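Please take a moment with the sequence and the model below before reading on. The paragraphs that follow go through charges, rings and the backbone in turn.

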Amino acid sequence: MRIGVSGAHGTGKTTLVEELCARLAGHTPVDEPYVLLEEEGYEFDFPPSPDDYRAQLTRSLLELSSPATRIVFDRTPVDFLAYLAVQGVNIETEADPAALRSVLASLDLLIMVPITYDTEQVLPHPEMLRLRQAVNDTLLDLVYNDPLQVLGDVPVIELTGPLDERPEVVLAALPDHGRPTG
């Protein structure tokens, strides 16, 4: 089972990834590209520049290209396309659609974690609120309208309910082979 978790910053993606890995036998998390790059010494601008999002997009494509199974990815390439689009970058020129299709097709499930009432009431207030809202809206448009035609038949679920119910909603959506054992 390979699961991707996508959403704007401050929506609880990382917590969800950790909770899913704790409940799915043998599954390991892959940190979001920002964390991976930062650990390798990459220095991000604040706020991040288009080049910073391009670096994260490239890293996300690399991580999803891995043949490893039983993985839960904290962010997918679609996230970074949304951030780039919000910054006015033409996303049709940012990544090879065939490469995007290939890595996204490796996912058994794409989980969308949008801004909800609970994210606004329960989670800490994130930085760059306008950017966050614009990315949220753009990301939902990219996933549901798929203008680049890269998602194909990847199943998508959107988590809009209470934060504490999210893991159970995801587990209920998984085929039997993805559910925890014992």
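A surface patch, as the word is used here, is made of residues with over 30% relative accessible area and no salt bridge, in which like charges are joined within 9 Å. The model in view is a predicted one, and every value given below should be read with that in mind. With this definition in hand, one can turn to a patch of negative charge on the surface, where Glu-18, Glu-19, Asp-31, Glu-38, Glu-39, Asp-164 and Glu-165 gather. The elements that give two or more residues to this negative patch are α1, which covers residues 13-23, and α2. Glu-38, one of the patch residues, is found in helix α2, and Glu-38 is partly exposed, with a relative accessible area of 43%.

The structure holds 8 salt bridges, and a few of them can be followed one by one. Arg-23 and Glu-168 meet through their side chains in a salt bridge with an N to O distance of 2.2 Å. Because Arg-23 lies in helix α1 and Glu-168 in helix α8 (residues 166-173), this pair ties together parts that are 145 residues apart in sequence. Both partners fall in the partly exposed class, Arg-23 at 33% relative accessibility and Glu-168 with a relative accessible area of 47%.

A further salt bridge joins Arg-132 and Glu-120, whose closest N and O atoms are 2.7 Å apart. This pair links distant parts of the chain, with Arg-132 in helix α7 (residues 129-145) and Glu-120 in helix α6 (residues 117-122), 12 residues apart. Is Arg-132 buried or exposed? Its relative accessible area is 1%, and Arg-132 therefore counts as buried, whereas Glu-120 is partly exposed at 28%.

Arg-54 has a relative accessible area of 27% and is partly exposed. Salt bridges also link Glu-32, Arg-75 and Asp-79 in a network.

The structure holds 3 aromatic pairs. In one of them, the ring centres of Tyr-34 and Phe-44 are 4.0 Å apart and the planes stand at 20°, so the pair is stacked; the cut-off behind this step is that planes under 30 degrees apart count as stacked. Since Tyr-34 lies in helix α2 (residues 33-39) and Phe-44 in the loop between α2 and α3 (50-65), the pair ties together parts that are 10 residues apart in sequence. Tyr-34 is partly exposed, with a relative accessible area of 27%, while Phe-44 is buried at 15%. Tyr-34 and Phe-44 also belong, together with Tyr-42, to one aromatic cluster.

Tyr-53 and Tyr-83 form another stacked aromatic pair, with 4.8 Å from centre to centre and 20° between the planes. Distant parts of the chain are linked by this pair, because Tyr-53 lies in helix α3 and Tyr-83 in helix α4 (residues 77-86), 30 residues apart. Tyr-53 is buried, with a relative accessible area of 4%, and Tyr-83, at 3% relative accessibility, counts as buried too.

The backbone has features of its own, and as background, most residues other than glycine have a negative phi, and most peptide bonds are trans. Against that background, Phe-46 and Pro-47 are joined by a cis peptide bond, with omega about -5°, and Pro-47 lies in the loop between α2 and α3. In the loop between α7 and β5 (156-158) one finds Asp-146, which is not a glycine and yet has a positive phi of about 45°. Gln-149 lies in the loop between α7 and β5 as well, and phi of Gln-149 is near 55°, again a positive value in a residue other than glycine. Asp-146 is buried, with a relative accessible area of 16%, whereas Gln-149 is exposed at 58%.

Definitions and conventions. Residues are numbered from 1 along each chain as its sequence is written. This is a predicted model: local features need pLDDT of at least 70, side-chain atom pairs count only at pLDDT 80 or more; totals for chains, interfaces and linings use all residues. Side-chain values use heavy atoms; hydrogens and water are left out. Rings of Phe, Tyr and Trp (its six-membered ring) pair if their centres lie within 6.5 Å; planes under 30 degrees apart count as stacked, over 60 as edge-to-face and the rest as tilted. Helices (H or I, at least four residues) and strands (E, at least two) are DSSP runs, numbered from the N terminus. Buried means under 20% relative accessible area, exposed over 50%, partly exposed in between (1.4 Å probe, protein chains only). Patches are made of residues with over 30% relative accessible area and no salt bridge: like charges are joined within 9 Å, nonpolar side chains (Val, Leu, Ile, Met, Phe, Trp, Tyr) within 5 Å. Accessible areas come from the Shrake-Rupley method with a 1.4 Å probe; for residues, only the protein chains shown count as cover. A salt bridge is a side-chain nitrogen of Lys or Arg within 4 Å of a carboxyl oxygen of Asp or Glu. Lys and Arg count as positive and Asp and Glu as negative; His and the chain ends are not counted. The place of a charge is taken as NZ of Lys, CZ of Arg, CG of Asp or CD of Glu.
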